[in-house]
Amino acid sequence: GDEAAIEPVAGGASALVYGVPVTLATVGLGEFETQQVEAVVVPDGLDISLLGQSFLSRIGKVEMDQQRMILGG
């Protein structure tokens with residue numbers, strides 16, 4: 001089939017991070033939704049999901065302080 005290959009996608013603190021580049025048809029967070037978002041599926045090594053610039057750069061203003069992120073505005 002059309003299986004995607006695991007490849008180096010980023011450099012971590014101590015080594016390369018391996019994953020599978022994908023394009024997500026739709027990503028939504030609260031009132032914000034965007035289409036065709038570039039993402040990476042990391043099979044090993046991350047215990048959490050990360051929200052990156054491929055999504056955040058499309059929703060306008062983003063503010064961060066020490067404990068929260070404010071989207072839009």
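Strand E3 supplies the largest share of the lining of the largest pocket, 5 residues. Strands and helices here are DSSP runs numbered from the N terminus (strands E, at least two residues; helices H or I, at least four). E3 spans residues 32-41. Strand E1 (7-11), strand E2 and helix H1 (53-56) also supply at least two lining residues each. The lining has 15 nonpolar, 3 polar and 1 charged residues. Gly counts as polar in this scheme, and Ala, Val and Leu are among the nonpolar types.

The model is predicted; local features need pLDDT of at least 70, side-chain atom pairs count only at pLDDT 80 or more, and totals for chains, interfaces and linings use all residues. Residues are numbered from 1 along each chain as its sequence is written, and side-chain values use heavy atoms, without hydrogens and water. Mean pLDDT (the predictor's confidence in each residue, from 0 to 100) is 85 for the protein. Of its residues, 93% reach 70 or more.

Glutamine 36 lies in E3. Its phi is near 55 degrees, a positive value in a residue other than glycine.
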